[in-house]
Amino acid sequence: GTSSRQKGFLGCIRSLHLNGQKLDLEERAKVTSGVRPGCPGHCSTYGSICHNGGKCVEKYSGYFCDCTNSPYEGPFCKKEVSAVFEAGTSVMYMFQEPYPVTKNISLSSSAIYAEAAPSKENIAFSFVTAQAPSLLLYINSSSQDYLAVLLCKNGSLQVHYQLSKEETHIFNIDAENFANRRMHHLNINREGRELTIQVDRQLRLSYNFSPEVEFRAIRSLILGKVRGLLFLSIPF
């Protein structure tokens, strides 16, 4: 503005810093004639550019689209990355041992495989269903180890880890009925001995395996129904 209040600044200013100190514009605006607290952000102007349920999030000098709760990704949540499964259907990724993927698998599959190194796994996905019991994810290795994520009959979520022939670890998360036609986000992270499971951005479980834990080279990844005898060892 100007001291004479003639031909001054018309607009709004956000987050003013002087010599590293943040000045409180809001409090000063409350006691200054002709100045009001608050300044519309980028999202109030450009928020509609986030498509398909993406949420506009303010940044200091811009914005970004949070696509987490939508089946899309990309800067504007326009790239579809989801699939709808009919009853009894599945999608399978097959991998060639020990590390390269087969020629007919896409580069995205290579990226999935590379992330699942023997010393750690980081798996994240969102799902919506009203069907229980049901299998969401099944990963097995060349040594018959496996990781499975399933919904039990009562809608609780179970994560099964078999990292040796002698022992299967079953982790049950029964915070609610997850087969409730609502979007849920699951993140499973294991690095060495430490396992954490987050559901809807809340830490639901943490666990320490024995020191010799190792998930060996992946053989296949299945989303949806596992056919044949493969699934008989995983009880609901």
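Reader: Is the link of cysteine 12 and cysteine 39 left-handed or right-handed?
Author: Happy to start there. A disulfide (a pair of cysteine sulfur atoms within 2.5 Å) joins cysteine 12 to cysteine 39, with 2.0 Å from S to S. The angle about the S-S bond is 45°, and the link of cysteine 12 and cysteine 39 is right-handed.

Reader: Before we go on, what kind of model is this?
Author: Residues are numbered from 1 along each chain as its sequence is written, and side-chain values use heavy atoms, with hydrogens and water left out. Local features need pLDDT of at least 70, side-chain atom pairs count only at pLDDT 80 or more, and totals for chains, interfaces and linings use all residues, since this model is predicted.

Reader: Cysteine 12 and cysteine 39: which one counts as buried?
Author: Buried means under 20% relative accessible area, exposed means over 50%, and partly exposed lies in between (1.4 Å probe, protein chains only). Cysteine 12 is partly exposed because its relative accessibility is 37%. With 19% relative accessibility, the buried residue is cysteine 39.

Reader: Which strand holds the partner of cysteine 43?
Author: A disulfide joins cysteine 43 to cysteine 56 at 2.0 Å from S to S. Cysteine 43 belongs to helix α2, so the pair ties together parts 13 residues apart in sequence, with cysteine 56 in strand β3.

Reader: What is the torsion about the S-S bond of cysteine 50 and cysteine 65?
Author: These two cysteines also form a disulfide, 2.0 Å from S to S. Cysteine 50 is in the loop between α2 and β3 and cysteine 65 is in strand β4 (residues 62-66), 15 residues apart. Cysteine 50 is buried because its relative accessible area is 10%, and cysteine 65 is buried at 9% relative accessibility. The disulfide is left-handed, because the torsion is about -80°.

Reader: What pattern do the disulfides of the chain follow?
Author: The structure holds four disulfides. Counting bonded cysteines along the chain, the pattern is 1-2, 3-5, 4-6, 7-8.

Reader: Now the salt bridges. What N to O distance does the pair of lysine 30 and glutamate 27 have?
Author: A salt bridge is a side-chain nitrogen of Lys or Arg within 4 Å of a carboxyl oxygen of Asp or Glu, and the structure holds four of them. Lysine 30 and glutamate 27 are separated by about one helical turn, because they are three residues apart in helix α1. Their side chains meet in a salt bridge with an N to O distance of 3.4 Å.

Reader: Is lysine 79 buried or exposed?
Author: Lysine 79 meets glutamate 73 in a salt bridge (3.8 Å, N to O). Glutamate 73 is partly exposed, at 36% relative accessibility. Lysine 79 has 52% relative accessibility, so the word for this residue is exposed.

Reader: Are arginine 190 and glutamate 121 buried or exposed?
Author: Their side chains form a salt bridge with 2.5 Å from N to O. Arginine 190 lies in strand β13 and glutamate 121 in strand β8, so the pair ties together parts 69 residues apart in sequence. Both arginine 190 and glutamate 121 are buried.

Reader: Finally, how many strands are in the chain?
Author: Buried residues make up 32% of the 236 residues in the chain. The chain has three helices, and its strands number 16.

Terms used. Helices (H or I, at least four residues) and strands (E, at least two) are DSSP runs, numbered from the N terminus.
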